[in-house]
Amino acid sequence: MPDEPVPLFNVQIDGVWHQFPKGTRVIEACAQAGIFVPRYCYHKKLSSPGNCRMCLVEMAMPRLGPDRKPELGANGKPMINWMPRPQISCAQEVSEGMGVRTNSPLVKECQRGVMEFLLINHPLDCPICDQAGECELQEFSVEYGAADSRFLENKVKKPKAVQLGPRVTLDDERCILCSRCIRFCQEIVHDDVLGFVDRGSHTVLTAHPGKRLENNYSLNTVDICPVGALTSTDFRFKMRVWFLKETKSICTSCATGCNTIIGTREDIIYRQTPRENDAVNSCWMCDYGRLNFDYLQSENRLLAPHILSGGKLIAAEWKAAIAHAALQLRHFPGLEIAIIASGRMTNEELWLTTQLARALDVQLIDIVPRTAPGDDILLSEDRNPNTNGARLLGITSQPSAQLSDIAQAVKSGRIKALITLHENPIDIGVSAEELSNLPAFIVMDILANAVTDKATVVLPSFAFAEKRGSMINGKGRLQRLNRAVRGPGNARDDWEILRDLLQELGGSNGIYSIDDVFRQMSESVPELAGLTLSKIGDLGIQVLRAPGPLGPPVDAKAKDIEEAEAKKPSARSN
Ligand code: SF4
Ligand code: SF4
Ligand code: FES
């Protein structure tokens with residue numbers, strides 16, 4: 001049965017009539033009408049307790065006639081009666097004939113009053129507070145507050161730098177008791193860990209006795225805390241937020257592909273925060289993925305290409321390393337070559353890998369599965385971010401299907417040349433000794449591992465935040481990675497390495513940019529037809545039927561809608 005249409009209600013906001021669907025909260029109706037109502041406790045993904053009072057507005061209800069129906073004025077709209085007292089706009093839903101005033105003298109007086117109360121016991125911490133630069137208390141104080149305080153008593157002192165859990169630090173004096181963090185843990189994570197204790201000005205946020213804020217989503221409380229009460233233990237005091245360059249990208253630590261903003265300065269990542277995408281991660285991301293970037297600064301980063309010469313790996317120029325790798329590979333027929341690729345590679349890199357396999361007539365090619373317990377919130381059991389890309393591009397039908405054959409063929413000596421791309425062959429059961437016996441062992445990777453020194457050619461490549469490209473998440477959504485920092489040393493972007501190797505083996509292939517790679521890939525993969533990296537947009541496009549990995553492509557109309565959505569400007573997120 002088709003869904004019943006949602007009724008539309010006529011609502012007057014600041015003198016102008018609008019229509020909103022039933023169920024819209026008044027604060028959201030105002031936002032849709034282009035009017036921002038200040039708020040602290042309200043968050044669009046959480047329940048509305050209405051406890052901060054920052055969103056007070058004047059409200060009116062329609063005047064009812066003897067038949068209990070709204071009386072209509074000369075303009076055909078309901079006549080309204082204003083309530084004498086202000087009302088909160090975050091917990092109330094729109095109704096037929098409602099009136100709202102967001103900027104009347106009464107509303108402005110209420111906003112000034114609420115700000116004055118909130119600041120009575122707030123410490124004058126701003127110069128040393130990590131939230132400075134993105135603090136709603138500072139911002140609203142300027143926009144809606146008064147310049148001075150009438151409070152002459154000593155401020156109440158509360159606990160400072162409390163470790164609520166392994167990743168979150170609490171400064172109770174700064175807490176404005178909005179309860180967003182409490183509701184997030186209860187409603188999203190189902191981990192009832194935080195609460196308020198004591199009364200009045202002495203109320204404090206704390207973890208329940210015997211509990212710690214240590215769930216895998218704890219850092220989202222830092223994101224939604226409107227003030228500097230909750231801070232990330234990893235990020236605090238490391239960098240002023242106004243120095244951070246922000247790059248929209250995706251997390252590559254599991255198949256969910258949460259949308260992120262990467263905060264960087266001078267080619268160093270300082271933090272990752274979630275970016276809203278209701279088709280993927282709502283407003284959240286897990287702590288595991290959020291903090292998984294330190295390895296980009298690891299001492300083990302491979303910084304220059306190397307080739308085996310005289311029994312030792314020596315640094316080489318890129319041209320010489322690529323030529324050496326091609327020379328080694330040309331020695332062997334396809335049946336004696338195997339490729340271990342990775343579900344961590346982008347579609348563009350995987351597509352070039354398929355071209356490499358074709359050029360060398362390689363039959364043994366696969367990716368290494370990577371699984372760990374997931375949860376029913378965001379974290380996927382599949383810790384490879386692009387298993388679906390590897391399937392779609394024909395690298396593997398089922399990850400690991402060919403891995404034991406590859407390991408066996410290396411052990412038996414049938415494979416003479418092994419190419420590993422972002423994977424360690426030890427993980428599939430090949431020993432270091434067997435690897436050192438290979439006439440050609442070509443390694444493209446980010447970090448050195450226990451067997452990198454057995455390679456005949458080492459090709460240092462880029463990590464997720466150092467490159468552009470696309471991936472297909474576990475639900476079939478094509479999403480885009482963007483470059484946030486430059487790669488270190490003499491490492492290179494993976495697509496360039498693979499392109500150069502292909503050109504060395506087979507001559508020019510007309511690929512001069514990552515966009516050329518995507519274009520050639522989209523011409524040969526029906527699910528990607530008509531797309532470009534730019535068309536993917538910030539929110540991605542559904543290209544496979546969710547949740548199966550290889551359903552038929554979505555129809556063209558759905559694709560158009562996705563594209564139109566991706567082009568919409570994003571609204572203020574909370
Ligand atoms: S710590 Fe932050 S999010 Fe939690 S109640 Fe206090 S102000 Fe609100
Ligand atoms: S759920 Fe997966 S994609 Fe999302 S932040 Fe965690 S590891 Fe990253
Ligand atoms: S935002 Fe409405 S009461 Fe807090």
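User: How do the residues of the shell around ligand 2 divide into nonpolar, polar and charged?

Analyst: This is a predicted model, and in it the shell around ligand 2 divides into 8 nonpolar residues, 4 polar residues and no charged ones. Among the residues around ligand 2 are Cys251, Cys254, Cys258 and Cys286, together with others including Ser253, Met285, Tyr288 and Leu378. The space that ligand 2 takes is the second largest cavity.

User: Which cavity does ligand 1 sit in, and which residues are the closest to it?

Analyst: Ligand 1 sits in the largest cavity. It is surrounded by 13 residues, of which Cys175, Cys178, Ser179, Cys181 and Cys225 are the closest, and the residues of this shell divide into 12 nonpolar, 1 polar and no charged.

User: Ser179 is in that list, so how should I read its phi?

Analyst: As a general idea, most residues other than glycine have a negative phi. Ser179 has a positive phi of about 75° although it is not a glycine, and this residue is found in the loop between β8 and α4. Ser179 is also buried, with a relative accessible area of 9%, where buried means under 20%.

User: Where does Arg53 lie, and is it buried or partly exposed?

Analyst: Arg53 lies in the loop between α1 (26–32) and β3 (56–62), and at 39% relative accessibility it counts as partly exposed. Its phi is near 70°, a positive value in a residue other than glycine. A further positive phi, near 55°, belongs to His190, which follows α4.

User: How many residues of helix α4 are buried, and what covers them?

Analyst: The general idea to keep in mind is that an α-helix has 3.6 residues a turn, so residues three or four places apart point the same way. In helix α4 (residues 180–188), 7 of the 9 residues are buried, so this helix is largely enclosed by the rest of the structure. The buried residues of α4 are Arg180, Cys181, Ile182, Arg183, Phe184, Cys185 and Ile188, and what covers them includes α3 (136–144), β9 (194–197), β10 (204–207), α5 (219–224) and β11 (230–232).

User: In what order do the strands of the sheet that contains β11 stand, and why is one side of β7 left without a neighbour?

Analyst: Strands of a sheet pair through backbone hydrogen bonds, either parallel or antiparallel. Here 3 strands form an open sheet in the order β7-β8-β11, with antiparallel pairing. Because β7 (162–163) and β11 stand at the edges, each with a single partner strand, one side of each is left without a neighbour in the sheet. Strand β8 (residues 168–170) pairs with β11 over 3 bridges in the antiparallel sense, and the bridge partner of Val168 in β11 is Ser232.

User: Which strands are joined to β17 by bridges, and which residues point each way from it?

Analyst: β17 is joined by 4 bridges to strand β19 (residues 417–421), and the two run parallel. Another 4 bridges join β17 to strand β18 (residues 364–367), again in parallel.

Note on methods
Residues are numbered from 1 along each chain as its sequence is written. Chains are lettered from A and ligands numbered from 1 in the order in which they are written. This is a predicted model: local features need pLDDT of at least 70, side-chain atom pairs count only at pLDDT 80 or more; totals for chains, interfaces and linings use all residues. Side-chain values use heavy atoms; hydrogens and water are left out. A residue is near a molecule or strand if one of its heavy atoms lies within 4 Å of it. On a 1 Å grid over the protein atoms alone, a cavity is a set of points where a 1.4 Å probe fits but cannot get out, and a pocket is an open set with protein on both sides within 12 Å along at least five of seven lines; lining residues have an atom within 4 Å of a point. A molecule sits in a cavity or pocket if more than half of its atoms lie within 2 Å of its grid points. Ala, Val, Leu, Ile, Met, Phe, Trp, Tyr, Cys and Pro count as nonpolar, Asp, Glu, Lys and Arg as charged, and the others, Gly among them, as polar. Buried means under 20% relative accessible area, exposed over 50%, partly exposed in between (1.4 Å probe, protein chains only). Contact means heavy atoms within 4.5 Å. Two strands pair if DSSP finds at least two bridges between them.
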